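Reader: I'd like to go through this one label by label and ask what each one rests on. Could we put it on screen?

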Amino acid sequence: MTDLSKAFDCIDHDLLIAKLHAYGFNLESLRFLKSYLTGRKQRVKINSSFSNWSNLKCGVPQGSILGPLLFNIYICDLFFNKIELPIINYADDTTPFACDPISENVTELIEKNGNLLFDWFIDNYLKANPDKSHFLTNDNKETTLNIKGEHIKNSLSQKLLGINFNNKFCFDDHVASLCRKASQKLNALARVAQYMNIEQRRLIMKAFIYSQFGYCPLIWMSHSRALNNRINKIQERALRIVYKDYKTPFEQLLKKDESVTIHQRNLQILMTEIFKTKLGINPELMNETFEFNNSSYYFRNRNTLKRENVHTVKYGTESIKNLGAKIWDLVPQEYKMLDSLSSFKYKIYYWTTEEFPCRLCKKYIQNLGFI
């Protein structure tokens, strides 16, 4: 996981114009963009004192749509470089990865290509931080990379694009962190709830507490039962504060709020992603995850998903591919036949079932097991 210092501020204007020219921009467009980028100045204010004006010789203006677009164009030829490994990139977060049964081979590949990656950063006037980069492997052996003279030790967990990844791809730490943040905001709501009406309390609950669990749920939704109970308790307490109802059972509070549990909402999001794949508006990765049994004939399984033959949690029973296929079979056929994403979202928002095959949806009795 690489780190760039002041990525948007380090873009060289002349090199950016040269890259735009290589991608086919005509001279008139290049002059227009050159005029947009150059001639900008900045100064520093401390109290009532100002520094002298300084010319900006690099960087793209931030706070506009054009800034990120120009940065993406600037970094695009990274993928035409001689780096052998696949690279996951989002803006200035660049993560090469390798897979091999022998951990030493992974280390060698990452080290070799990591140095090539940092050479590209240097050649393109970007400031890479080897001391702020991180390395994850799925074993517990202590491993060290040598990237441009900096020694990077493997970590047990790190945050990437807002998600805490650990070396076993278990997201319990991430979900526990979400619960802590939601609890803190719930405590703040409890202190001021008496000064608000019910609609204001409900709005704050959805905007500041429910939203904690709305980012990338498909990544972390297969967490432990203990954490699911913790999430349910946070949601229950939030509903009791909003409606000032401390006696009604949790299930009745959900009906009163016309909502479902956080986990069931995550399953609804999963169904929405599958429907987007059916419409052909999802990225290629999602199309590979959810493959339909398409046929020109109207068979019963025409709108079903392909499944792999898995029998254990370790080998995929709780993966979104396997779980999604099972739940998709339960979605009413008239929902699947809709041709509008907005219509499907409206329908699926009010849809639930007692037959969810998910491990977290099954009832569990201590010392007895699932029933």
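**Labels and what backs them**

Reader: What makes Lys-34 count as partly exposed?

Author: Lys-34 has a relative accessibility of 29%. Buried means under 20%, exposed over 50%, and partly exposed in between, using a 1.4 Å probe and protein chains only. So Lys-34, at 29%, goes into the partly exposed class.

Reader: Before I get carried away, what kind of model is this?

Author: It's a predicted model, where local features need pLDDT of at least 70 and side-chain atom pairs count only at pLDDT 80 or more, while totals for chains, interfaces and linings use all residues. Residues are numbered from 1 along each chain as its sequence is written, and side-chain values use heavy atoms, with hydrogens and water left out.

Reader: Fine. How do you know that Lys-34 and Asp-14 meet in a salt bridge?

Author: Their side chains come to 2.6 Å, N to O. A salt bridge needs a side-chain nitrogen of Lys or Arg within 4 Å of a carboxyl oxygen of Asp or Glu, so this pair passes. Lys-34 sits in helix α2 and Asp-14 in helix α1, so the bridge ties together parts that are 20 residues apart in sequence. Asp-14 has a relative accessible area of 51%, which is why it is called exposed.

Reader: What makes you call something a helix here?

Author: Helices are DSSP runs of H or I with at least four residues, strands are E runs of at least two, and both are numbered from the N terminus. On that count the chain has 14 helices and 15 strands.

Reader: How many salt bridges are there, and which parts does the Asp-119 and Lys-148 pair link?

Author: There are 12. Asp-119 and Lys-148 make one of them, with the closest N and O atoms 2.5 Å apart. That pair links distant parts of the chain: Asp-119 is in helix α4, Lys-148 is in the loop between β10 and β11, and they are 29 residues apart. Asp-119 is at 28% relative accessible area, so partly exposed, and Lys-148, at 38%, gets that label too.

Reader: Where do Lys-276 and Glu-273 lie, and are they buried or exposed?

Author: Both lie in helix α10, three residues apart, about one turn of the helix. Lys-276 is buried, and so is Glu-273. Their closest N and O atoms are 3.3 Å apart, so that falls within the salt-bridge limit as well.

Reader: Why is Gly-114 called buried?

Author: Gly-114 is at 8% relative accessibility, and that puts it in the buried class. Gly-114 and Asn-146 are 32 residues apart in sequence, but 8.9 Å apart in space, C-alpha to C-alpha.

Reader: And why is Ser-177 called buried?

Author: Ser-177 has a relative accessible area of 14%, so it counts as buried. You'll find it in helix α5.

Reader: What makes a set of residues a nonpolar core?

Author: They have to be buried Ala, Val, Leu, Ile, Met, Phe, Trp, Tyr or Cys residues, joined through side-chain atoms within 4.5 Å. The largest one has 33 residues, and those with the most contacts inside it include Leu-16, Val-60 and Phe-121. Helices α1, α2, α3 and α4 and strand β10 each supply at least two of its residues. The largest share, six residues, comes from α4. In soluble globular proteins, nonpolar side chains tend to be buried together.

Reader: Which residues form the nonpolar patch on the surface?

Author: Tyr-23, Phe-25 and Phe-80, with about 330 Å² of accessible area together. Accessible areas come from the Shrake-Rupley method with a 1.4 Å probe, and for residues only the protein chains shown count as cover. Patch members need over 30% relative accessible area and no salt bridge; nonpolar side chains (Val, Leu, Ile, Met, Phe, Trp, Tyr) are joined within 5 Å, like charges within 9 Å. Tyr-23, in the loop between α1 and α2, is partly exposed at 38%.

Reader: Which residues gather in the positive patch?

Author: Lys-159, Arg-180, Lys-181, Lys-185 and Arg-230. Lys and Arg count as positive, Asp and Glu as negative, and His and the chain ends aren't counted. Each charge is placed at NZ of Lys, CZ of Arg, CG of Asp or CD of Glu. Helix α5 gives the most, with three residues. Arg-230 is in helix α8; it has a relative accessible area of 33%, so it is partly exposed.
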